[in-house]
Amino acid sequence: MQKLYTNATLVDKDEPQEILIDNGKFTAIGPHLAVEAAETVDLNGRLVVPPYVDPHIHLDYVYTAMRQGALNGTGTLFEGIQRWSETKAGATVEEVKERARRAVREEMLQGVQYIRTHADVTDPSMTSLKALLELKEELKDILTIQIVSFPQEGMYAYPNGAELVEEGLKMGADCVGGIPHYELAREFGEKSVHKAVELAVKYDKLIDLHCDETDDDQSRFLELLTALTYMEGIGDRTTASHTCSFGSANGAYAFRLMKTLIKAKLNFISCPTENIYLEGRQDTYPKRRGLTRVKELNDAGINVCFAQDSIADPWYPLGNGNLMNVLDNGIHICQMMSFPEIDHALDLITTHGAVTMHIQDEYGLDAGKPANFIVLDADSPYEAVRCRTGVLRSVRYGKELFVREPAPVKTDLAILQA
Ligand code: FE2
């Protein structure tokens, strides 16, 4: 059945657009399609963009911040890992799924339709991975989930960690994970990067490493990851998450590495709310922001995106899956607020995330692609970002996942009326 959305505002289009959908796919998008559809929806000039992408979250950790023993007193990444390690035993597949489902609901109701989640596989029972694989299958028609086989406690710092990562890939994880800066010595960190690349090639998987999530400018696993994936020709299938130390690297080092990053076509994920909170903890003043060089990467044409990372877990006590909030924090912390940057800021939580997830073929507002999109309560990208606007509608394969009416306001005051 054909469905026509009229009066849509699209990024970089001057006049209102019409969007024609048939059989779950976009069939035409243009200013005057001159078609009679079975159903027509007037969007009243609201902004239509592809769905939000959250390319980095830990769905197995959500809502565990308040558990007994999980409290992270220092607010550091390393105490977060310790608290998780001490409290993760005893989880069941159903319990993990229930928490993950709640987080998915929060994210989806705020316009997310694509998620890459890490699953902690430093657990011989593979409880997290089993739970998230089941959830992925259950939700596949309404949500795209990619899963990273992620050794939270290290490939080598944890007994048989590398074997568990490989087991996770065999079980069906989409990406190889790693955490080289957490290994017990630099050599083991390097070994884990080599292992991740070897596994990605062996099983034809994507790579997403927690890489250099520290202010230590001598943590330089990004360099090795870039070189190895470039030489294997899989840089564009590889993601470096966090890379906080690159924000502390000296200019000469960054200048040289940037050239290789461009050649390798590596993808970057920054988690602004988490890393502004977790990093800089050993600094007095001046205190570093702890984020990677998002602005410089973006200016160089390197694919970089933002992600939520945590929802109420031992690393970060807040978080609610609102990518607009993540974006708002990110563009402030990274000083990305020239008018052209604001106009294209939504890319950081939409198209750039899709490139990171390597799903460009099915993502975007193009004829022939799945009719997946969201409608924002704004008439331009600038207004959407300025007002941190909410999502009025989320459409998946041409069907409404939800429709939200703007909340009515009761007032007699003329100044408060539109
Ligand atoms: Fe993470």
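**Close-up views of a predicted model**

**View 1. The iron site.** The iron ion is coordinated by His 56 (NE2), His 58 (NE2), His 210 (NE2) and Asp 309 (OD), at 2.2 to 2.6 Å. Donors are N, O and S atoms within 2.8 Å of the metal (3.2 Å for Na, K and Ca); water is not among the atoms, so sites may look incomplete. This is a predicted model: local features need pLDDT of at least 70, side-chain atom pairs count only at pLDDT 80 or more, and totals for chains, interfaces and linings use all residues. Residues are numbered from 1 along each chain as its sequence is written, and side-chain values use heavy atoms, with hydrogens and water left out.

View 2. His 210 has a relative accessible area of 4%, so His 210 is buried (under 20%; exposed is over 50%, partly exposed in between; 1.4 Å probe, protein chains only). Asp 309 is buried too, at 5%.

**View 3. An edge-to-face pair.** The structure holds 9 aromatic pairs. Rings of Phe, Tyr and Trp (its six-membered ring) pair if their centres lie within 6.5 Å; planes under 30 degrees apart count as stacked, over 60 as edge-to-face and the rest as tilted. Tyr 5 and Phe 373 have ring centres 5.1 Å apart and planes at 85°, so they are edge-to-face. Tyr 5 is buried at 0%, and so is Phe 373, at 0%. Together with Phe 26, Tyr 5 and Phe 373 form one aromatic cluster.

**View 4. A stacked pair.** Tyr 61 and Trp 315 are stacked, 4.9 Å centre to centre with 15° between the planes. Both are buried.
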